[in-house]
Number of protein chains: 2
Amino acid sequence: MSPAEIDALLLDGRVKGIPGGVDSFPLGKIGEKRWNLLREDLPLPVAVLRRSALAGNSRWMREFLALSRAVIAPHGKTTMSPQLFRQQIDDGAWAMTVATVQQLHICRQSGIARVVLANQLIGKQAIAYVLDEIQRDPAFDFYCLVDSVANAEQLAAAARLAAPGRPLQLLLEGGMAGGRTGCRDLATALEVARAVKAAAPHLVLRGVEGFEGLIHSDSPKDDAASVASFLDFLGEIAVACERAGLFAADTLILSAGGSAFYDIVVERFRRAGVAREFLLVLRSGCYLTHDSKMYIRERLPAIETLGAGPEAAFEVWAYVQSRPERNKAILTMGKRDVSYDVDLPMPLKWFRPGDGSAVRAVGPGHIVTGLNDQHCHMMVPEDSPLAVGDMVGFGISHPCTTFDKWQVVPVIDDDYTVVSAIKTFF
Amino acid sequence: MSPAEIDALLLDGRVKGIPGGVDSFPLGKIGEKRWNLLREDLPLPVAVLRRSALAGNSRWMREFLALSRAVIAPHGKTTMSPQLFRQQIDDGAWAMTVATVQQLHICRQSGIARVVLANQLIGKQAIAYVLDEIQRDPAFDFYCLVDSVANAEQLAAAARLAAPGRPLQLLLEGGMAGGRTGCRDLATALEVARAVKAAAPHLVLRGVEGFEGLIHSDSPKDDAASVASFLDFLGEIAVACERAGLFAADTLILSAGGSAFYDIVVERFRRAGVAREFLLVLRSGCYLTHDSKMYIRERLPAIETLGAGPEAAFEVWAYVQSRPERNKAILTMGKRDVSYDVDLPMPLKWFRPGDGSAVRAVGPGHIVTGLNDQHCHMMVPEDSPLAVGDMVGFGISHPCTTFDKWQVVPVIDDDYTVVSAIKTFF
């Protein structure tokens, strides 16, 4: 899927966010329609991305990478949009990260040469696809995680049979007690690393990986300490594997980093005591659009020099459809349209079509209290100006589970005019 | 989108649930591939529908409708699949129900003549599409809800301007305190009904509607009483509007009924005291696939004569990818793949590929404790047989928010062989 192929995809009213009555048109021509959100040219609910915020976040990441001497393999699962993958590669991304083989397939179809499957490679179809692709394309540079001898043996058996001509590159995953995947202690990690080494030349150990992003309490300070301690454990695994000669000769890779803690990742890996040079691979998926949990500026003063940090690019707009009680508004947006797994959407601004007024900030006391499949329940002050037919723009708390509710997301300029659109593949 | 057009849609590994390496093929030919879930022909996670359960549930609804003297307008938002809409029309559905104009558009593209928008019709694009469609197709029989004078006036103004040649048919919505949309008291309802009447010939009041499905406590008995009381309120609105001469001369419509309480709906509406004949329209969206909250058999003994009630048709399968702690398994399925808004998925059965054994029931003590975007956390007994690479089949608790995570859902026979597939349009 080249940019031209995506631009050629036909859109019509079957796609959520596209007007019902419009003749089908190529996605790449959406800007020519000069549709404007505030002129009600789009049916609501609609999710939009603010072009200026995307551009600012993109610039910010380029500067952060220059400052940190790390590389990034942004997690593609967030957006699943080849157009944004392309933007991320243009921002200097070293690779794309994915969580599943379907996501890998989208990357491969979009011409991404280097992909980190930040997950175990499991199951007949997934393993077969990866080994076939390794054999088919010598430029395909693929990495995946391993955290058990059982999985190492499954991969070795499949690679032996498929004989793709070069080893499957693995990153040894360290995990935390009560956490997700990953070896919980050094002894287990070394056992898995030895199983990989024993499966040469079918498998090769290229580095160590972990995901610290599950750490989340009400105390950012405690979280930072827990994250640092977990990263030190990953460093300990790397040092032990290095001493035991379990890594391949190629450049060592150390990788961690969701969207919340990548400054700490950089700092702790640098101090891990790994003797040889290594590539430090971060994997934030959310920087390009928004992360409401971005504490990074508070923790790392040097980053202040980069200027304005990431800002929210994502907005979901809905109509007020009912004011059934004095303190309640119901809006045309629900679980199908906006994330609700981390926090409920936050009303930011509102607009009354047709009366000549501008977009206004939503006042205090307007709070989303729940979502049904297709409805939003909002508590409002008794004197709230919101009336049936008004438009409300919401900020969101988790880009990943908002993106996956939209197959097409219009990109708007600061005047709310649609300038382009991105296609997602979930 | 005729059945033939949907059958012609091309699938490939970009679509979640389709193997990565396969050449693109028409959806209608998927059965010819003889793919089998247990032979690992499909990549996991995958959502599947059991053909035998769909057929049984379809038969059950036909018999329920014959018994109840009600009609059904199944809520299409659940599946958003024109193929299942067709099945529902073949089951005798009087109409399809939708929640948004994009959903209406999918119905119209699929040749559905009668549609209930069980929602307020709000916003320039939505109103324009409906009025255009009413004008364009004399056979289009459309209904939507109204619960405010403001909305009645907006619709009247738009209909006056568009002049589609026949009135927009409205159902007056009654609501409950603390609930969603709908007039909270009789006085408000009558005020709205009078505003509709005053907007003749542009608008016409065809009936009364409410949604009792928000009522849900830990006590089914209390819920049943609350539901009955709410339905009596809807009946009271209907009687008052009838006495005030606010309904159109055509057949009166009374509608309620999500998937949990439609037996009570039938009973209470019959006793409401409405003098003239009326059409009783139920709107369950979930009967065809599954509703884990189906109390209906316990409440209405006559229904026992219908034989086996609805059974779960939906399953989502994932691999065990890690057993990182003695009491923990991590599986390849997450928030992107299965609903988590009502209850977390329930492990039902498991299978070990390649060792010649059969599908086995998951033993006690296997409990899903959480989902990340792409991972499932499951608590397991220490002696759980589950190992890395095993497949686990999960039941789900809310079909609506599982369907919307899949663009294609394979339909399997009782041997887990794929016989067809349904396409969704979210």
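On a 1 Å grid over the protein atoms alone, a cavity is a set of points where a 1.4 Å probe fits but cannot get out, and its lining residues have an atom within 4 Å of a point. Grid points are joined across faces, edges and corners, and a volume is the space filled by probe spheres set on the points. The model examined here is predicted, with local features needing pLDDT of at least 70, side-chain atom pairs counting only at pLDDT 80 or more, and totals for chains, interfaces and linings using all residues. Residues are numbered from 1 along each chain as its sequence is written, chains are lettered from A in the order in which they are written, and side-chain values use heavy atoms, with hydrogens and water left out.

Four cavities of 30 Å³ or more are present in the structure. The volume of the largest cavity comes to about 610 Å³. Its lining is made up of 47 residues, and Thr100(A), Gln102(A), Lys16(B), Pro45(B) and Asp337(B) are those nearest the centre. Two or more lining residues come from each of α4 (101-109), β6 (114-120) and α5 (124-136) of chain A; helices (H or I, at least four residues) and strands (E, at least two) are DSSP runs, numbered from the N terminus. Sorted by class, this lining has 20 nonpolar, 17 polar and ten charged residues, where Ala, Val, Leu, Ile, Met, Phe, Trp, Tyr, Cys and Pro count as nonpolar, Asp, Glu, Lys and Arg as charged, and the others, Gly among them, as polar.

The second largest cavity has a volume of about 380 Å³. Of the 31 residues in its lining, Leu44(A), Pro45(A), Thr100(B), Val101(B) and Gln102(B) lie nearest the centre. At least two lining residues are supplied by each of α4 (101-109), β6 (114-120) and α5 (124-136) of chain B. The lining of the second largest cavity divides into 15 nonpolar, twelve polar and four charged residues.

Leu44(A) and Pro45(A) are also joined by a cis peptide bond, with omega about 5 degrees. Pro45(A) belongs to the loop between β2 (25-26) and β3 (46-50) of chain A. In chain B, the peptide bond from Ala200(B) to Pro201(B) is cis, with omega near 5 degrees, and Pro201(B) lies in the loop between α7 (186-198) and β9 (203-209). As a reminder, most residues other than glycine have a negative phi, and most peptide bonds are trans. Glu40(A), which is not a glycine, has a positive phi of about 60 degrees and is placed in the loop between β2 and β3 of chain A. With a relative accessible area of 12%, Glu40(A) is buried (under 20% relative accessible area, with exposed over 50% and partly exposed in between; 1.4 Å probe, protein chains only). Met80(A) likewise shows a positive phi, of about 45 degrees, in the loop between β4 (71-72) and α3 (82-90) of chain A, and Met80(A) is buried at 0%.

Turning to the rings, eleven aromatic pairs are found over all chains. Rings of Phe, Tyr and Trp (its six-membered ring) pair if their centres lie within 6.5 Å; planes under 30 degrees apart count as stacked, over 60 as edge-to-face and the rest as tilted. Phe314(A) and Phe403(A) form a tilted pair, because their ring centres are 4.6 Å apart and their planes stand at 55 degrees. This pair links distant parts of the chain, 89 residues apart, with Phe314(A) in strand β12 (residues 314-325) and Phe403(A) in helix α11 (residues 400-403) of chain A. Phe314(A) is buried at 1% relative accessibility, and Phe403(A) is buried at 0%. The rings of Trp317(A) and Tyr416(A) are edge-to-face, because their planes are at 85 degrees, with centres 5.8 Å apart. Here strand β12 of chain A holds Trp317(A), while Tyr416(A) is in the loop between β19 (408-412) and β20 (418-423), 99 residues apart. Trp317(A) is buried at 0% and Tyr416(A) at 12%.

In chain B, Thr402(B) is part of helix α11 (residues 400-403) and is buried, with a relative accessible area of 0%. The side chains of Thr402(B) and Ser339(B) are joined by a polar contact of 3.0 Å (a pair of N or O atoms within 3.5 Å; within protein, one must be able to donate a hydrogen and the other to accept it, and residues adjacent in sequence count only if both atoms are side-chain atoms). Helix α9 (residues 262-270) of chain B is largely enclosed by the rest of the structure, because seven of its nine residues are buried.

Note on methods. On a 1 Å grid over the protein atoms alone, a cavity is a set of points where a 1.4 Å probe fits but cannot get out, and a pocket is an open set with protein on both sides within 12 Å along at least five of seven lines; lining residues have an atom within 4 Å of a point.
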